[in-house]
Amino acid sequence: MFASTLREELAKRQGHLVTVNTFNYGGTGVLAMVQADYITIVESAGYGIYENENIPVDSIQSVFFPA
């Protein structure tokens, strides 16, 4: 039940900056895609260097949207 609610809320915020924390990962980037099993965030490490991170929805511990 929690996973479906989380997916719905994240889908409303695609394209926004997000910080995601899991057990072994913590990162900030633009929320690019929300799928049934995972989300994709695009991290920027500077000028033109981008890294996509696919994060399983079940492993997410917290999500923060900076103002």
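The model is predicted; local features need pLDDT of at least 70 and side-chain atom pairs pLDDT 80 or more, while totals for chains, interfaces and linings use all residues. Residues are numbered from 1 along each chain as its sequence is written, and side-chain values use heavy atoms, with hydrogens and water left out.

In soluble globular proteins, nonpolar side chains tend to be buried together. Here the largest nonpolar core has 12 residues: Leu6, Leu10, Val18, Val20, Tyr25, Leu31, Val34, Ile39, Ile41, Ile55, Val57 and Ile60. Two or more of these residues come from each of helix 1 (2-12), strand 1 (17-21), strand 2 (26-34) and strand 3 (38-44). A nonpolar core is a set of buried Ala, Val, Leu, Ile, Met, Phe, Trp, Tyr and Cys residues joined through side-chain atoms within 4.5 Å. Buried means under 20% relative accessible area, exposed over 50% and partly exposed in between, with a 1.4 Å probe and protein chains only. Helices (H or I, at least four residues) and strands (E, at least two) are DSSP runs, numbered from the N terminus.

Glu53 lies in strand 4 (residues 50-56). With the same exclusion of residues up to four places away in sequence, Glu53 touches Tyr25, Ile39, Thr40, Ile41 and Glu43. Glu53 is buried but has no salt bridge, and the nearest side chain of opposite charge, that of Arg7, is 18 Å away. For charge, Lys and Arg count as positive and Asp and Glu as negative; His and the chain ends are not counted.

The structure holds two salt bridges, each defined as a side-chain nitrogen of Lys or Arg within 4 Å of a carboxyl oxygen of Asp or Glu. Glu9 pairs with Lys12, with the closest N and O atoms 3.2 Å apart; both lie in helix 1, three residues apart, about one turn of the helix. Glu9 also meets Arg13 at 3.0 Å, N to O. Lys12 is exposed at 60% relative accessible area, whereas Glu9 is partly exposed at 33% and Arg13 is partly exposed at 31%.

The charged end of Arg13 also sits over the ring of Phe65, 5.1 Å from its centre; this requires CZ of Arg, or NZ of Lys, within 6 Å of the ring centre and within 35 degrees of the ring normal.

Key. Contact means heavy atoms within 4.5 Å.
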